[in-house]
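Trainee: I would like to learn how to read a model of this kind, feature by feature. Could you take me through it, with the general idea before each case?

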Amino acid sequence: MSFLDVFVRGDVIDPATLVGAAFYAFLFILIAWFLARMIRLGVRRVASLLSDQAASTLLIRLGQVVVYTLAVILYFNAIPQLHSVGTALLASAGVASILFGLAAQTTLSNLVSGFALLFYQPFEVGDRVQLSAPTGLETGVIDEMTMGYILVKTVDDRHIVVPNSVAAQQIVVKLRAS
């Protein structure tokens with residue numbers, strides 16, 4: 001009996017066997033690696049159009065973590081002996097995401113607002129804006145925009161750091177260039 005006969009018969013691909021479990025592990029790793037690479041290439045292609053290196057690095061890492069985490073959970077659910085571990089991992093991932101969301105509520109708010117500002121682009125680097133700050137009404141030029149905050153440089157050389165969630169909620173007046 002040749003290896004091909006064993007493979008076609010299904011003994012190698014049976015996840016209940018050690019060889020089948022190893023085959024599926026290799027397959028899941030290969031698919032996860034391929035998807036992570038596609039995410040990296042896709043985000044870099046989009047980021048080259050937007051020229052935002054910080055956002056692309058964040059999206060690449062976030063995408064890769066999601067892909068590899070899902071690969072591990074799906075692998076554990078595909079192997080009968082590890083099915084209960086996979087179910088527990090899936091449930092704990094749900095609980096962990098809720099806890100993470102509550103703990104990082106402000107940061108996630110800034111991140112989601114950053115995506116909205118990136119998508120809608122109401123203003124961009126170099127625009128002259130007027131906004132409300134704790135010191136009163138401020139006017140300046142947007143010096144930098146990241147996924148978490150906007151840096152506005154005033155005429156008297158001060159820097160105002162505006163969290164994206166605040167910028168998305170308040171009225172920001174876009175002034176004409178002088």
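Mentor: Arg 158 is partly exposed, with a relative accessible area of 34%, where buried means under 20% relative accessible area, exposed over 50% and partly exposed in between, computed with a 1.4 Å probe on protein chains only. This is a predicted model, in which local features need pLDDT of at least 70 and side-chain atom pairs count only at pLDDT 80 or more, whereas totals for chains, interfaces and linings use all residues. Residues are numbered from 1 along each chain as its sequence is written, and side-chain values use heavy atoms, with hydrogens and water left out.

Trainee: With which residue does Arg 158 form a salt bridge at 2.7 Å between the closest N and O atoms?

Mentor: A salt bridge is a side-chain nitrogen of Lys or Arg within 4 Å of a carboxyl oxygen of Asp or Glu, and here the partner at 2.7 Å is Glu 138. Arg 158 lies in the loop between β3 and β4 and Glu 138 in strand β2 (residues 136-145), so the pair ties together parts that are 20 residues apart in sequence; helices (H or I, at least four residues) and strands (E, at least two) are DSSP runs, numbered from the N terminus. Glu 138 counts as buried, at 9% relative accessibility.

Trainee: How many salt bridges does this rule give?

Mentor: The count comes to three. Arg 158 also meets Asp 156 in a salt bridge, at 2.9 Å from N to O, and Asp 156 is partly exposed at 47% relative accessibility. Through shared partners, Glu 138, Asp 156 and Arg 158 are joined into one network. Lys 153 forms a salt bridge with Asp 157, with the closest N and O atoms 3.3 Å apart; Lys 153 is partly exposed at 34%, whereas Asp 157 counts as exposed at 51%.

Trainee: What is the order of the strands in the open sheet?

Mentor: Strands of a sheet pair through backbone hydrogen bonds, either parallel or antiparallel. Two strands are taken to pair if DSSP finds at least two bridges between them. Here five strands form an open sheet in the order β4-β3-β2-β1-β5, with antiparallel pairing. Because β4 (159-163) and β5 (173-175) stand at the edges with a single partner strand each, one side of each is left without a neighbour in the sheet.

Trainee: How many bridges join β3 to β4?

Mentor: Five bridges join strand β3 (residues 149-154) to the antiparallel β4, and Tyr 149 stands opposite Pro 163 in β4. In the hairpin of these two strands, which has four residues between them, Asp 157 takes a positive phi near 65°. On β4, Ile 160 and Val 162 make up the covered face, while His 159, Val 161 and Pro 163 make up the uncovered one.
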